[in-house]
Amino acid sequence: MNRYFTTKNILNLFLSAAIVFLITFKASAQDTNASAIINAIGKINIDNNIAAARDKAINNGIEKAVTQILIKMLPIEVLVSNFSNVSKILEANLFDFILDYKILGEFKTDKTYSVIIEATVAKAKINQLLENYNILIAGQKLPSIIIIAGEQSGDETSVKFCFQNRDIPCKSYSESAMLDIFKAKGFNVIPSKNISITTSENNSELPIEIDEQTALEIGTKLHAEIVVIGKTIAQLASNTMGDGKKSFNAEASFTAIRTSNKEKLGSTSQTGVSINIDTTEGSIKSVATAGKMAAEDLSNQILSAWKESSTLSSKFDIIVKGSGNLANFVMFRRILSEIKGVKNISTNAMKYNESSLSLDFNADSNQLAEAILKENFMTFGVNITEVLPNKLVIELIPSKKF
C-alpha cells in the first residue's frame, strides 16, 4: 500500500510538473504589450458553503494573477512609493483587468478549496489606469530634483533659505511638506543640505534672494535634472473668531525648470489656510498646507511633461579621450551607433587624442552611460569619467588582462 501510494505520488508530481512546464511555455509565448497569460493558484477556507468557497478561491486566483503581472510591469521602487494608489486601482478594477480565464484544476479538503486558473490579463488597461494616476511604467525612470524653497512664517520679517543659515536652527515647513509629496511619487530628491553656501565660480556666498539662474547653477552643480524654485509666505488674515481664533493664509509660488536646457516644465501658485489661536503654530500649518498643495500640482505637471519628452530624443555631446588610436575610435563610434535609442551620430571635432561626438538619445545621460558600459568593445575598454546632463566624457583604455 505504501509502495503504491509512493508511486502514485511520483506520477502525480511528474504530471503536475509537465502541466506547469507547458502552461509556463504557453504563457511566456503569449505575453505581449496588450495582454499576458498567466497561471495562479487560489485557495480559501471553506465556511460551511462549498459553492461559495469555490467562487472565492477563483477570485483569489484572479487577484494573484493580476498582481503578478502588475509586479512585472512596475519597478519595485515605483510600486512601493505609489503603493496606496496602486492598491486602490487594483481594488476598484480587478475584474476589468481580466480578459478571460479558465479553471485548469480544483481540489478541496475538509477545510480548504483550491483552484489553479489560467488568466488572460489586460496589460494595456492596467497601463492606462497607472498613467492616469501619473504612475510611470518600467523603463521610464523619474528625474532627480532639488527643491530650493524660501519661506517666511511666524514673526519672521523676510524670506529665509535654511541652507544659508547653518549656524542657526532652521526648518522650512513648506519644503518638508513638498519633499514628502515628491518622494511619495517616486522622484529622486536631492537634499537641500547638499547645497554649498558658496558659488562655484568666484567662491562668494550665495545671494540672500535665490533667483532662477542661481537655482539652475546649484542644480547643475549637484547633478539635479530638475530644479524646483520658489517661496511660501504666510500672513495673518483679517478673519477672526470671538474665542481668539485667527486665520492664516500662506501663498506658495513655485516653478520647475529642467537644468539641461532651462525649459520650464511647470509652475503653480497655491494658497494654504489654517485657523489657530497661536500665531506661530497657525502660520506654520498654513505654509505646510500651501507647500503640500504646490507639490501635488507641480509634480503632476512635471510627470506629464517628462512622459511626453521621454518619447522624444535629446541631443548629447560626448567627449572621447584616447581617440588617437584611430581603430579603437572607429570601433567605439560604430558600436555606439548600434545602441538602441541612439541616432544621428556625428563627429564634431577631432584633435590629437581627443574627439567630440554628438548624437540623439531617447533617455537621460545616466541611461546613455549605462548603455555604453554594457557594450563589449573587445580590444579596449571605456572609462566614463564624467556624466552631466546631455554630456558624457569617456576615455578609451586598453583592455585589462586577467
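Okay, quick definition first: buried means under 20% relative accessible area, exposed is over 50%, and partly exposed sits in between, using a 1.4 Å probe and protein chains only. This is a predicted model, so local features need pLDDT of at least 70 and side-chain atom pairs count only at pLDDT 80 or more, while totals for chains, interfaces and linings use all residues. Residues are numbered from 1 along each chain as its sequence is written, and side-chain values use heavy atoms, with hydrogens and water left out.

By that cut-off, Phe332 and Phe377 are both buried. They also form an aromatic pair, 5.6 Å centre to centre with 35° between the planes, and that counts as tilted. For pairing, ring centres of Phe, Tyr and Trp (its six-membered ring) must lie within 6.5 Å; planes under 30 degrees apart are stacked, over 60 edge-to-face, the rest tilted. Phe332 is in helix 9 and Phe377 is in the loop between helix 10 and strand 12, 45 residues apart. Helices here are DSSP runs of H or I, at least four residues, and strands are runs of E, at least two, numbered from the N terminus.

Three strands make an open, antiparallel sheet in the order 1-3-2, where pairing takes at least two DSSP bridges between two strands. Strand 1 and strand 2 are the edges, each pairing on one side only. Between strand 2 and strand 3 there are nine bridges, and Ile98 has Val121 in strand 3 as its bridge partner.
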